[in-house]
Amino acid sequence: MHQAKGVQCQTRHGTDMKNPQYPTEETCTQCHQKAVLAEKTRNLPGANPHAAPHNGDCILCHLQHEKSENYCAQCHNFKFVVP
């Protein structure tokens, strides 16, 4: 998704592509503000995944090089689709 929007790999993985860095929450929140995400997802059925008390690692759900997953569903019965 990011590549399709023109975001370079180095933006997320650092400049040394022979030794790429794993993105952190700080990497994601440079462009994606948590408060804005929480507002966008406030009406999801069950709970708001962006306002959960133990939320904090974006890449648990949003796997850019693999299909995203509903990480919350490992313990909870929330039926929302992760883009």
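Analyst: Ala, Val, Leu, Ile, Met, Phe, Trp, Tyr, Cys and Pro count as nonpolar; Asp, Glu, Lys and Arg count as charged; the others, Gly among them, are polar. This is a predicted model, where local features need pLDDT of at least 70, side-chain atom pairs count only at pLDDT 80 or more, and totals for chains, interfaces and linings use all residues. Numbering starts from 1 along each chain as its sequence is written, and side-chain values use heavy atoms, leaving out hydrogens and water.

User: How do the residues lining the largest pocket divide?

Analyst: Into 20 nonpolar, 14 polar and 6 charged. Lining residues have an atom within 4 Å of a pocket point; on a 1 Å grid over the protein atoms alone, a pocket is an open set of points where a 1.4 Å probe fits, with protein on both sides within 12 Å along at least five of seven lines. There are 40 lining residues, and His50, Cys58, Cys61, His62 and Val82 lie nearest the centre of the largest pocket.

User: Why does histidine 13 count as buried?

Analyst: Its relative accessibility is 15%, and buried means under 20% (1.4 Å probe, protein chains only), so histidine 13 counts as buried. Beyond residues up to four places away in sequence, histidine 13 touches Pro20, Gln21, Pro23 and His65, contact meaning heavy atoms within 4.5 Å.

User: What makes up the largest nonpolar core?

Analyst: Its 5 residues are Cys61, Cys72, Phe78, Phe80 and Val82. Such a core joins buried Ala, Val, Leu, Ile, Met, Phe, Trp, Tyr and Cys residues through side-chain atoms within 4.5 Å. Leaving aside neighbours within four places in sequence, phenylalanine 78 is in contact with residues including Pro45, Asn70 and Cys72.

Methods:
Buried means under 20% relative accessible area, exposed over 50%, partly exposed in between (1.4 Å probe, protein chains only).
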